[in-house]
Amino acid sequence: PLLEKAWAEESGLGWIGKNSTLINKKYGSWLLLGFIILDLKLQADIPSKPLCGQCEKCINKCPTSAISEPFVIKSDLCIAYHTIENRNIEMPENIKKNLNGWIAGCDICQDICPWNESVPFNESVEVKPRKWMMDLDSKALSWDEEQWTDNLKGTTLKRIKPWMWKRNIQAVMKN
């Protein structure tokens, strides 16, 4: 494992915000990070300096108070953690009651970030959600393993197993 956000900050790509996402002056926090590992000596860039200042919108808007203080995310309270990583059959009640439609992840702390206000919307096919994701409803509860596999092929969301998708959909429908 590589600490991609820390290395990105160190290389001047942006700073780690109070919501623990990497924030870039031009692109906000809507970034996809990757690595290229080289054995070449390169001129070091100037590390980024944090620019969140006194803003705490991400902390104040987190519906479960998962961002307990700047740079501290309590995974046991985080909607994204519970909808993507939590392998328990049931989600905690405090998470279920705060899902507010979130089936896979949660972007409230990014949606509210002032650095994302002027970021142009990216219409590229690579980052645009697939139609089935935008129309996800109770019909998905009857999809078999093959349909889930087909829909999730080529996405990072395949880490959410079909049974977890169904659990998440049911939790959203009940609240």
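Me: Let us begin with F71. Is that residue buried, partly exposed or exposed, and why?
Reply: F71 counts as partly exposed, because its relative accessibility is 47%. Please bear in mind that this is a predicted model.

Me: Where is F71 found?
Reply: F71 is in the loop between β3 (67-69) and β4. Its phi is positive, at about 75°, although F71 is not a glycine.

Me: What about N100, and what is its phi?
Reply: The phi of N100 is near 45°, again a positive value in a residue other than glycine. N100 lies in the loop between α4 (93-96) and α5 (108-111).

Me: Is N100 buried or exposed?
Reply: N100 is exposed, because its relative accessibility is 71%.

Me: Let me step back. How many helices and strands does the protein have?
Reply: There are eight helices and four strands. Read from the N terminus, the order of the elements is α-β-β-α-β-β-α-α-α-α-α-α.

Me: And what box do the C-alpha atoms fill?
Reply: Taken along the principal axes, the box is roughly 55 × 35 × 30 Å. The protein has 175 residues, of which 34% count as buried.

Me: Salt bridges next. How many are there in the whole structure?
Reply: A search of the whole structure finds six salt bridges. One of the pairs is E56 with K18, whose closest N and O atoms are 4.0 Å apart.

Me: Which parts does that pair tie together?
Reply: E56 lies in the loop between β2 (22-23) and α2 (57-61), and K18 lies in the loop between β1 (15-16) and β2, so the pair ties together parts that are 38 residues apart in sequence.

Me: Which of the two is buried?
Reply: K18 counts as buried, because its relative accessibility is 9%. E56, with a relative accessible area of 33%, is partly exposed.

Me: What joins R159 and E85?
Reply: Their side chains meet in a salt bridge, with an N to O distance of 2.4 Å. This pair links distant parts of the chain, 74 residues apart: R159 is in the loop between α7 and α8 (162-174), while E85 is in helix α3.

Me: How accessible are R159 and E85?
Reply: R159 is partly exposed, with a relative accessible area of 43%. E85 is also partly exposed, with a value of 29%.

Me: Which residues are linked in a network of salt bridges?
Reply: E90, E93 and K96 form such a network.

Me: Is K96 buried or exposed?
Reply: K96 is buried, with a relative accessible area of 11%. By contrast, E90 counts as exposed at 51% relative accessibility.

Me: Moving to the surface, which residues gather in a patch of negative charge?
Reply: The patch consists of D144, E145, E146 and D150. E145 has its place in helix α7 (residues 145-152), and E145 counts as exposed because its relative accessibility is 53%.

Me: Which residues make the nonpolar surface patch?
Reply: L2, L3, W7, F35 and I37 make that patch, which covers about 590 Å². L3 is found in the segment before α1 (4-10). At 61% relative accessibility, L3 counts as exposed.

Me: How many aromatic pairs are found in the whole structure?
Reply: The search finds six aromatic pairs.

Me: How far apart are C78 and A104 in space?
Reply: C78 and A104 are 12 Å apart, C-alpha to C-alpha, and 26 residues apart in sequence.

Definitions and conventions
Residues numbered from 1 in each chain as written. Predicted model: local features only at pLDDT ≥ 70, side-chain atom pairs only at ≥ 80, totals over all residues. Heavy atoms only, no water. Patch = residues over 30% accessible without salt bridge, like charges linked within 9 Å, V, L, I, M, F, W, Y side chains within 5 Å. Areas by Shrake-Rupley, 256 points an atom, 1.4 Å probe, with all protein chains shown as cover. Lys, Arg positive; Asp, Glu negative; His and termini not counted. Charge placed at Lys NZ, Arg CZ, Asp CG, Glu CD. Helix = DSSP H or I, 4+ residues; strand = E, 2+ residues; numbered from the N terminus. Buried < 20%, exposed > 50% of the residue type's maximum accessible area, 1.4 Å probe, protein only. Phe/Tyr/Trp six-rings, centres within 6.5 Å; stacked < 30°, edge-to-face > 60°.
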